[in-house]
Amino acid sequence: MSNPLSRAKFIDTKLLGRKRTVVEKIVSEEEIEPLMKELETDTTISRDEVKHTCQELFEKVINKEEVVLDRKFHRRYLDLAFGSTLPPQLTALDASQPWMLYWIANSLKVLDPTWLTDDIKNAIQEKIFKLSEVPHQGGPFGGGVGQLAHMAGTYASVNALAVCDNISGCWDKIDRQALYDWLLALKQPDGGFKTCLEVGEADTRGVYCALTLASLLNILTDELREGTVEYLVKCQNYEGGFGGSPQEDEAHGGYTFCAVASLAILNSLDKINLEKLMEWCSLRQTNEEGGLAGRSNKLVDGCYSFWVGATSAILESRGWDSSIDKKVLRDYILICCQSSHEPGLRDKPGKHSDFYHTMYILFGLVITENTFKDQGGHLCHNIEAKLIDSYKFIPSDLQGINPVYGLPIDDTKLFMNHFRNIDKK
Ligand SMILES: CC(C)=CCC/C(C)=C/CC/C(C)=C/COP(=O)(O)OP(=O)(O)O
Ligand SMILES: [Zn+2]
């Protein structure tokens, strides 16, 4: 038998150490293109176009710190809605009439509270009460006159009334008992909520609408809360975000917001995997455009500045760091969602502005310019926003917003306190 040490010299150290030489090679576009083609889909093609257009817009800007929100220009777009007949393509929003009122009134309020005039507030409240189904008069509300009462229509109606400062005593015309009975009827054995009686689907949107309505109107009871935290916890999936329903869905910005805001109202954010959620939020921001997408491998869209941005702001209000780069998102909003040719705000370059995107992007913009802190107290009514001074920008001079309720801070407090004070008497 030979000495082990003398055998050692025959051992191939290259094999043991896997010390293979690194081959460096510059790959030409022609060589890589077929590989990329294999992975190409309609979405990757559109994404490339968006990246390219955003890049062009960024290159035109000399100093990003000087870009501003053209507040008066956007007001023109919002005022137009009340002053003239809407174009025929908006008939698609026939079942979203309270939503339009909420988007427009809320946008005006966040831009400048005086821009939502008493005349407009009165017209809004008159219209909203026409949306309540006979025999009810004070809600629940449908999406249009004579339409079935619906969770989303009722959420939008009550939120639209919330920014109307109790004009003509409209807050007292809301039938809280009828709303409470209706919410209980929509409650599901698994803790979720259906969106309307008989035919409605159940997902985190139903939960969010039910919980915001009940907490705003001071009718949130243990009976309404029962099983809902467990329902929501099951909606967080392996990605870290939330799907619409328990254990089924792909994580999506809209459903994630609904779940996280609901958990904040239920004071149960500690029941979910917060680190995975923050990672998921952070991954929604793209490097090139700086905007947020709603789910993996999809395109940026300005409205996720709220759905994902507010999710991050809610966590921030409870002491966590921001999951998104606010400065970069602000650049996307002001440079890519705003156009000097068309008032209002848009999803992305190449799209037209609309009321939905105008409101959610304005709210997203507030998120990028502020830090959030929940000062404690009743439910989530006491979240404060503080202007950031650590990066340079010209502030957009917008009202602070409550990221849980999607309403200006002052309106949230006034509305919630109104009902709490009545109930204290
Ligand atoms: C209060 C309430 C009812 C909230 C609703 C929250 C919610 C579900 C928002 C999502 C809205 C949205 C942009 C969907 C687009 O999905 P898509 O598949 O067309 O777009 P994507 O490609 O960006 O995912
Ligand atoms: Zn959108």
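**Entry 1**

The model I examined is predicted.

I then checked the geometry.

Cys303 lies in the loop between helix 14 (274–283) and helix 15 (304–317), whereas His357 belongs to helix 17 (residues 355–369). These two residues are 54 apart and link distant parts of the chain. I found both Cys303 and His357 buried.

**Entry 2. Ile361 in helix 17**

I stayed with helix 17 and turned to Ile361, which is found there. Why does Ile361 count as buried? Its relative accessibility is 0%, and the cut-off for buried is under 20%.

I listed the contacts of Ile361, leaving aside neighbours within four places in sequence. They are Gly302, Cys303, Ile333, Cys337, Leu345, Arg346 and Asp347. For Asp347 I recorded a separation of 14 residues in sequence and a C-alpha to C-alpha distance of 8.3 Å from Ile361.

**Entry 3. Helix 13**

I examined helix 13 (residues 253–265), which has 13 residues. From its first C-alpha to its last it reaches 18 Å, close to the 18 Å expected at 1.5 Å a residue.

I asked how many residues of helix 13 are buried. The count is 12 of its 13, and the helix is mostly covered. Among the buried residues are Gly253, Gly254, Phe257, Cys258 and Ile265. The cover over the buried residues includes helix 10 (204–216), helix 12 (228–233), helix 14 and helix 15. Just after helix 13, I noted that Asn267 takes a positive phi of about 50°.

**Entry 4. Aromatic pairs**

A pair of aromatic rings is described by the distance of the centres and the angle of the planes. I found 19 aromatic pairs in the structure and inspected two of them.

Tyr208 and Phe257 are edge-to-face, at 5.0 Å centre to centre with 65° between the planes. Tyr208 sits in helix 10 and Phe257 in helix 13, 49 residues apart. Both Tyr208 and Phe257 are buried.

Trp307 and Tyr360 are tilted, at 4.6 Å centre to centre with 35° between the planes. This pair joins helix 15, which holds Trp307, to helix 17, which holds Tyr360, across 53 residues of sequence. Trp307 is buried, as is Tyr360.

I also traced a cluster linked by ring pairs; its members include Trp99, Tyr155, Tyr208, Phe257, Trp307, Tyr360 and Phe363.

**Entry 5. Strand 1**

In a regular strand the side chains alternate between the two faces of the sheet. I asked which residues of strand 1 (residues 370–374) form its covered face. They are Asn370, Phe372 and Asp374, while Thr371 and Lys373 make up the uncovered face.

I recorded five bridges between strand 1 and strand 2 (residues 383–387), and the two strands run antiparallel. Asp374 stands opposite Ile383 of strand 2.

How values were computed. Residues are numbered from 1 along each chain as its sequence is written. Chains are lettered from A and ligands numbered from 1 in the order in which they are written. This is a predicted model: local features need pLDDT of at least 70, side-chain atom pairs count only at pLDDT 80 or more; totals for chains, interfaces and linings use all residues. Side-chain values use heavy atoms; hydrogens and water are left out. Helices (H or I, at least four residues) and strands (E, at least two) are DSSP runs, numbered from the N terminus. Buried means under 20% relative accessible area, exposed over 50%, partly exposed in between (1.4 Å probe, protein chains only). The expected span of a helix is 1.5 Å times one less than its number of residues. Contact means heavy atoms within 4.5 Å. Two strands pair if DSSP finds at least two bridges between them. Rings of Phe, Tyr and Trp (its six-membered ring) pair if their centres lie within 6.5 Å; planes under 30 degrees apart count as stacked, over 60 as edge-to-face and the rest as tilted.
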